[in-house]
Amino acid sequence: MSGTGYILAGRFVDGSGAEVRRNILMEIKDGIIIALQPVPVLPNDTAVDDLSHCTVVPALLDCNVSLLQSPSVNGGKAPSDESEDEVAEQEIMLERHIGYCFAHGILSLVANDKDKHELLQKYRRKCGRSSGIDIRIAHSAVNADFLRIMYSSDIEEEGERSFGLNHENLCRILRTRGEKKAIVVANGTQQVTEALEAGCDAIEQGYGMGEANLRRMEEKDVLWIPSVVRAKNALDASSGGGSVCCRFSTRYIAPGEPVPGAEAFWKKILAEQLDQLCLARELGVKTAVGTGAGSIGILHGESVVDEIKLFIKAGYSLEESIQCASKNSAEFFGMQHGQLAVGQRATFLLTRGTAGQLPRKLSYLEGIYIDGVPSPDYRK
């Protein structure tokens, strides 16, 4: 939007965790919000984009995705890069998964170390800001935007198993990282304690880490990315051993034989993680939404809505849950999109109806505005 324009939001969620506001007028100049106020009496000749039938929500962020892995196509295994055809297929998959995220209002992504760094860099150079998607890379490579270290396996694999690093090596890596923030994937009391002692900036997953570690995180201002949807997905799949996931279902198709005890195990793990998340809220631990999309059964875009629902189940309000999927994540990762406030870009999502219909309505948006104007790339 060039020049000055006005947008009337029927319901307004700003991403700060504050309560939903009604009938807010956004004044926008050159794509930036310059004023937010209750609807005043405007002169009759003032043009206003009337969105009073909608709820405005900040653009969302997923701070852990694998864009070159497909839960429904190849069982989560990235193809090799030995031929030009395979590289071309990877580029198509990358753009397809970014499209899935965009369709669900996830305009900021942090790609993890399972992706090929050079393809992500190529996409950023080619599309840049014009795509409406802001991508950061959290990788073990030295030229990534953030350092991401596997100190435990993913929870759905082998719980607390060490991932080839001891505490001394982890400390050495974090001492030599310079100014780069470090995210450590760690599960279990001991490994999370060691990651915090080593000086990490964020803990990803953190299953079974316990109250003492949560209190340390609050004291040290360490971000927690709980990835609860991983346990929920594992529970949904526990009745069978299938490895193919339908794009339109969070459950598996072509299942194998049930694994004895798996359902009870994952019920326990999920309940414990939700209890930890509830305690984190009480203690004031800063949390963020990161789903692990691209892992088997965890779908790009849709999984963020699922994670927001799980935050609400753990006791977060709708507004607090959206804060974890917008402002908290954006501040940590330095993303373009975050809180809707004066001085910030007028990039936001529209859902038809009331805020009480969220987060369900995030799965089928009414529209996406980028810099104050409807995105031509979004189709309902």
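Helices (H or I, at least four residues) and strands (E, at least two) are DSSP runs, numbered from the N terminus. With that in my notebook, I looked up Ser329 and found it in helix 11 (residues 327-333).

**Ground rules.** I am reading a predicted model, where local features need pLDDT of at least 70 and side-chain atom pairs count only at pLDDT 80 or more, while totals for chains, interfaces and linings use all residues. Residues are numbered from 1 along each chain as its sequence is written, and side-chain values use heavy atoms, with hydrogens and water left out.

**Ser329.** Is Ser329 buried or exposed? I noted 0% relative accessibility for Ser329, so it counts as buried (buried means under 20% relative accessible area, exposed over 50%, partly exposed in between, with a 1.4 Å probe and protein chains only). Next I listed its contacts (heavy atoms within 4.5 Å). Leaving aside residues up to four places away in sequence, Ser329 touches Leu61, Cys63, Ala288, Val289 and Cys324.

I then traced seven strands that form an open sheet in the order 5-6-7-8-9-10-11, with parallel pairing (two strands pair if DSSP finds at least two bridges between them). Strand 5 (60-65) and strand 11 (223-225) are at the edges with a single partner strand each, so one side of each has no neighbour in the sheet. From one strand to the next, the twist averages 25 degrees. Strand 5 runs parallel to strand 6 (residues 106-111), joined by four bridges, and I found Asp62 opposite Leu109 in strand 6. Helix 4 (residues 167-175) packs on the sheet, where it touches strand 8 (146-150) and strand 9 (182-186). Its direction makes about 175 degrees with that of strand 8 (axes are lines fitted to C-alpha atoms, for helices over the stretch in contact, and angles run from 0 to 180 degrees between N-to-C directions).

**Strand 14.** Why is strand 14 (residues 348-352) largely enclosed by the rest of the structure? Four of its five residues are buried, which is why. Strand 4 (residues 48-58) pairs with strand 14 in the antiparallel sense over five bridges, and Cys54 has Arg352 as its bridge partner. Strand 15 (residues 367-370) also runs antiparallel to strand 14, with three bridges; there, Leu349 is partnered by Ile368.

**Helix 8.** Last, I checked a length. The 22 residues of helix 8 (residues 262-283) should span 32 Å at 1.5 Å a residue, and the end C-alpha atoms are 31 Å apart, which agrees (the expected span is 1.5 Å times one less than the number of residues). Its buried residues include Trp266, Ile269, Leu270 and Gln273. After helix 8 comes Gly284, with a positive phi near 85 degrees.
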